[in-house]
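Please read it alongside the model.

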Amino acid sequence: MNKAINPATSDAATPVPSHAVVPRAEWLDARKALLARERALTHELDALRAERRALPWVRIDKPYVFEGPGGRRSLADLFGGRSQLVIYHFMLTPGSDHICPGCSFIADHVDAARRHFEQADLSFAAVSRVPLARIEAVKARMGWSFPWVSSQGSDFNFDFGVSFTPEDIATGRAIYNYGTVIRRSQDMFGASVFVKGEDGAVYHTYSTYHRGAELLIGAFNWLDLVPKGRNETTGTMGWVRLHDEY
């Protein structure tokens, strides 16, 4: 059973920020001015999305192998008969009991979305480098049904910039998000996109990390509509917990 939020300690208890109160006609003028900016940004985002889709591809020749509930699976197997695949790099570190609340926040959105994007030729799988038993335990606790496989023993997480060796961290070679030097964590998070070409080969088309993963958090789009916004009074995503800890 979910724990109740304590209003005395929760970000939910923070006051709504004060605002000017004006006649409807004045509000309508302000709303129309904002609408013009929203429309301009929408068109700019459309152009950015088209540029993202037009990025060149990289052929994947390394034979990555993952462990799933049904046994060993290749990267091509994770497509599940579709031509497109999104991998979510779920941040779980071997030997740690920690479950990343941010990754879990993202994962809470996946199963509902899959009902739709799987009809649009897109498959999904999460990948972590912990043993499969650890993945299955977390998955059962959180009630998720999406495919989630282990990359333990493979280079996959390292090659896609979300896992780092202690040596790379010590020497400043642990580079995340195309330029950020990681000083402590051996595992980070992100999403990578793959496609099967007409030649049957698998290609890498896109990866995003850090705040780029906000694209996957539908709850933020709702919160961004309201006066308190994301309500991050105690730091970025400070109120976010595993959904069974609220």
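Leaving aside neighbours within four places in sequence, Lys139 is in contact (heavy atoms within 4.5 Å) with Trp144, Ser145, Phe146, Pro147 and Trp148. This is a predicted model: local features need pLDDT of at least 70, side-chain atom pairs count only at pLDDT 80 or more, and totals for chains, interfaces and linings use all residues. Residues are numbered from 1 along each chain as its sequence is written, and side-chain values use heavy atoms, without hydrogens and water.

**Lys139**
- Lys139 lies in helix 4 (residues 132-142); helices are DSSP runs of H or I with at least four residues, strands are E runs of at least two, and both are numbered from the N terminus.
- Lys139 is buried but has no salt bridge, and the nearest side chain of opposite charge, Glu136, is 4.5 Å away.
- Buried means under 20% relative accessible area, with a 1.4 Å probe and protein chains only.
- A salt bridge needs a side-chain nitrogen of Lys or Arg within 4 Å of a carboxyl oxygen of Asp or Glu.

**Aromatic pairs**
- The count is 19 aromatic pairs, where ring centres of Phe, Tyr and Trp (its six-membered ring) lie within 6.5 Å; planes under 30 degrees apart are stacked, over 60 edge-to-face, the rest tilted.
- Phe66 and Phe156 pair edge-to-face, 5.0 Å centre to centre with 80° between the planes.
- This pair joins strand 2 (residues 65-68) to helix 5 (residues 156-159), 90 residues apart.
- Both Phe66 and Phe156 are buried.
- Trp144 and Phe146 are stacked, at 5.5 Å and 25°.
- Ring pairs link Tyr88, Phe90, Phe124, Trp144, Phe146 and Trp148 into a cluster.

Conventions:
Buried < 20%, exposed > 50% of the residue type's maximum accessible area, 1.4 Å probe, protein only. Lys, Arg positive; Asp, Glu negative; His and termini not counted.
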